[in-house]
Amino acid sequence: KPKPTLATPNELIAALKKNKKASTTFDGFSPSAQREYIEWIVGAKTDATRDSRIAQAIEWMAEGKKRNWKYQ
């Protein structure tokens, strides 16, 4: 049974709009790959952590990497 889709955080949407390459990569990901990034960002307990995770996510997506790219 597929999991329901998660709402993309507004901060991530804004960051993706500023980086065309990362946006294209994110849009090309499967729903599960998008979910991994969204869950990681939403799981941050502080705003500072969320901001740093968004920055890291944009950097990795601009390079075409999935969330757990180190383990693939």
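## Salt bridges

In this predicted model, the side chains of Arg35 and Glu39 meet in a salt bridge, with 3.3 Å from N to O. Both residues belong to helix 3, which covers residues 31-42, and they are four residues apart, about one turn of the helix. Arg35 counts as buried because its relative accessibility is 15%, under the 20% limit for that class, whereas Glu39, at 40% relative accessibility, counts as partly exposed.

The structure holds two salt bridges, and another pairing joins the side chains of Lys65 and Glu63 at 2.7 Å, N to O. Lys65 has a relative accessibility of 22% and therefore counts as partly exposed; Glu63 is likewise partly exposed, with a relative accessible area of 47%.

## Charge and surface

Across the protein chain there are 14 positive and 8 negative side chains, and the centres of these two sets lie 4 Å apart. The chain exposes about 5000 Å², of which carbon and sulfur atoms supply 52%, while buried residues make up 32% of its 72 residues.

## Fold and dimensions

The protein chain contains four helices and zero strands, so that from the N terminus on its elements run α-α-α-α. Among the contacts with a separation of 6 or more, 61% are accounted for by residues 24 or more positions apart.

The C-alpha trace spans about 35 × 25 × 25 Å along its principal axes. The radius of gyration of the protein chain is 12 Å, which agrees with the value near 11 Å that a compact globule of 72 residues would have.

Technical notes: Residues numbered from 1 in each chain as written. Predicted model: local features only at pLDDT ≥ 70, side-chain atom pairs only at ≥ 80, totals over all residues. Heavy atoms only, no water. Helix = DSSP H or I, 4+ residues; strand = E, 2+ residues; numbered from the N terminus. Rg over C-alpha atoms; globule rule 2.2 N^0.38 Å. Buried < 20%, exposed > 50% of the residue type's maximum accessible area, 1.4 Å probe, protein only. Contact = heavy atoms within 4.5 Å. Areas by Shrake-Rupley, 256 points an atom, 1.4 Å probe, with all protein chains shown as cover. Lys, Arg positive; Asp, Glu negative; His and termini not counted. Charge placed at Lys NZ, Arg CZ, Asp CG, Glu CD. Salt bridge = Lys/Arg side-chain N within 4 Å of Asp/Glu carboxyl O.
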